[in-house]
Amino acid sequence: MTPSATSPVVHAQKLSRRYGARWALAEVDLEVPAGERLLIVGANGSGKTTLLRTLSTAQSASLGSLHIFGMDVRTHAVQVRARLGLLSHLPQIYRDLSGVENLRIFNRLLGIQGPVEPYLERVGLEVRPDPVRTYSAGMTKRLSFARLLAQKPELALIDEPYGQLDPAGFAFVDTLLQDLTDEGVTVIVASHQVDRARHLCDRAILLHQGQVRWQGPAIDVGRAWDVLHA
Amino acid sequence: MPESTSAERNIPHWLIQTWQILVKDLVLGWRTRAKVVAMVVFAGTMLLLFSFAIGPNNTLLAKHAAGYVWLSALLSSTLLLSQSFQVEGESGALEGLLLLPVDPRAIFYGKALANWVVLSLLTGLVLVGGFFLFSVEIQAHPLRFVSILLLGSAGISAPGTLYSALTARAQAQQLMLPVLLFPLVIPCMLAAVKATGFLIQGDPMDQGGSWTMLLICFNLIYWALGGVLFGKVVDE
């Protein structure tokens with residue numbers, strides 16, 4: 001497949017990933033059009049993180065094909081990475097640098113000019129000189145969000161956005177997901193907070209043992225979950 | 001999209017990224033300087049142990065001073081090198097860099113250069129301390145010592161950075177790194193010890209030049225190999 005403006009943002013066919021003898025992902029077919037908010041739901045170990053990491057190109061698929069922005073990730077990983085952002089379980093920051101220093105380094109590496117303080121303000125963090133090591137888990141999570149925003153991705157892959165956040169943080173994530181979509185960003189979210197996230201997403205897929213067991217409107221995912229785990 | 005100044009447009013982007021990684025690593029090194037101090041103390045302890053092992057024989061100590069100094073630098077370098085990728089791994093920062101995407105060559109050269117700077121300072125301190133401790137009288141011009149010091153340190157830094165990345169996810173990194181690195185840097189250590197030895201004891205047959213050339217060749221090979229292989233090493 002060649003790059004095309006009309007291609008879906010994500011097009012995966014029989015995407016599979018094996019760890020040793022265990023298939024963490026098994027023949028997942030997925031198509032995500034531009035601007036959609038897709039929710040990935042599943043129990044622990046169902047393959048949510050593996051799917052997000054494979055889509056981000058952080059790890060390669062064992063089998064199947066994956067095209068992002070119409071480009072084959074096996075041959076265009078660098079071009080794909082330049083247009084997506086991953087917020088993973090790990091904050092991907094330097095704990096001995098301050099929040100501002102972290103964002104400055106990432107922006108300079110990307111060649112982006114301009115102040116980084118607005119990104120910190122947007123995620124509700126103060127500009128302070130102390131290292132991230134002194135931040136709480138929730139503050140570190142917010143800094144990871146700031147890093148994602150500073151990247152200005154066209155595709156945002158977000159693993160457990162509500163993890164480590166307090167109730168105020170939950171509301172912040174809701175607003176952020178809405179803002180990202182308003183800005184035209186395609187968002188794929190993996191979350192355990194099904195009741196909360198389903199109201200914010202357009203479509204959902206339910207993973208079980210690495211396979212897509214159900215897909216449909218996000219608002220209905222709770223019912224599908226109950227049927228699967230009955 | 002990335003914006004850049006007109007001056008930066010003439011420089012390959014991966015070189016700019018190399019500079020950013022170098023600066024970042026030096027800043028991180030300064031923030032965690034207690035670890036560097038521990039490394040210097042470890043190297044000093046090694047020198048003392050060598051002198052205790054040989055006993056109060058000044059002639060023998062001075063004769064083998066170059067070997068003791070470089071061995072101390074090599075042994076303590078593993079502390080620095082293993083730390084180099086620990087800091088990248090603890091919060092998934094290396095994965096973050098690769099996904100930005102930062103050119104793997106830039107990560108390798110940035111980190112190897114930062115390690116070289118710190119290791120050169122360490123080796124310089126060990127050299128001065130060792131010469132003082134072993135009562136070495138320097139015959140040659142100090143700049144010649146500096147050039148051997150820089151070449152020897154670079155010869156540890158390049159393969160050391162590569163192997164540090166390779167062993168970063170190993171459970172026993174502190175063990176794996178020296179096991180892999182030490183056999184590899186034998187030619188570099190041999191050349192550094194010989195070249196330093198000739199500078200200390202005099203070089204009437206002009207043999208130091210060939211050992212210096214070996215150091216240069218070793219560096220050219222491993223600095224080039226590191227840039228080529230690093231992408232494969234950190235892939236996934």
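Trainee: Leaving aside its neighbours within four places in sequence, what is Ile40(A) in contact with?

Mentor: In this predicted model, Ile40(A) is in contact with Lys48(A), Leu51(A), Ile188(A), Val189(A), Ala190(A), Ile205(A) and Leu207(A).

Trainee: What makes those count as contacts?

Mentor: The cut-off is 7 Å between C-beta atoms placed from the backbone.

Trainee: Okay, and which residues touch the most other members of the largest nonpolar core?

Mentor: Leu39(A), Ile40(A), Ile68(A) and Val189(A), in a core of 143 residues. Helix 7 of chain B, residues 104-133, gives the most to this core, with 13 residues.

Trainee: Why does the radius of gyration of chain A agree with a compact globule?

Mentor: Because a compact globule of 230 residues would come out near 17 Å, and chain A has 17 Å. Its C-alpha trace spans about 50 × 40 × 35 Å along the principal axes.

Trainee: How many residues does each chain put into the contact between A and B?

Mentor: Chain B gives 22 residues and chain A gives 25. On the chain B side, helix 2 gives the most, with 6 residues. By class, that side has 8 nonpolar, 8 polar and 6 charged residues.

Technical notes
Residues are numbered from 1 along each chain as its sequence is written. Chains are lettered from A and ligands numbered from 1 in the order in which they are written. This is a predicted model: local features need pLDDT of at least 70, side-chain atom pairs count only at pLDDT 80 or more; totals for chains, interfaces and linings use all residues. The radius of gyration is taken over C-alpha atoms; the globule rule is 2.2 Å times the number of residues to the power 0.38. Two residues are in contact if their C-beta atoms, placed from the backbone, lie within 7 Å. Helices (H or I, at least four residues) and strands (E, at least two) are DSSP runs, numbered from the N terminus. Ala, Val, Leu, Ile, Met, Phe, Trp, Tyr, Cys and Pro count as nonpolar, Asp, Glu, Lys and Arg as charged, and the others, Gly among them, as polar. A nonpolar core is a set of buried Ala, Val, Leu, Ile, Met, Phe, Trp, Tyr and Cys residues joined through C-beta atoms within 7 Å. A residue is buried if 20 or more other C-beta atoms lie within 10 Å of its own, exposed if 12 or fewer, and partly exposed in between; C-beta atoms are placed from the backbone.
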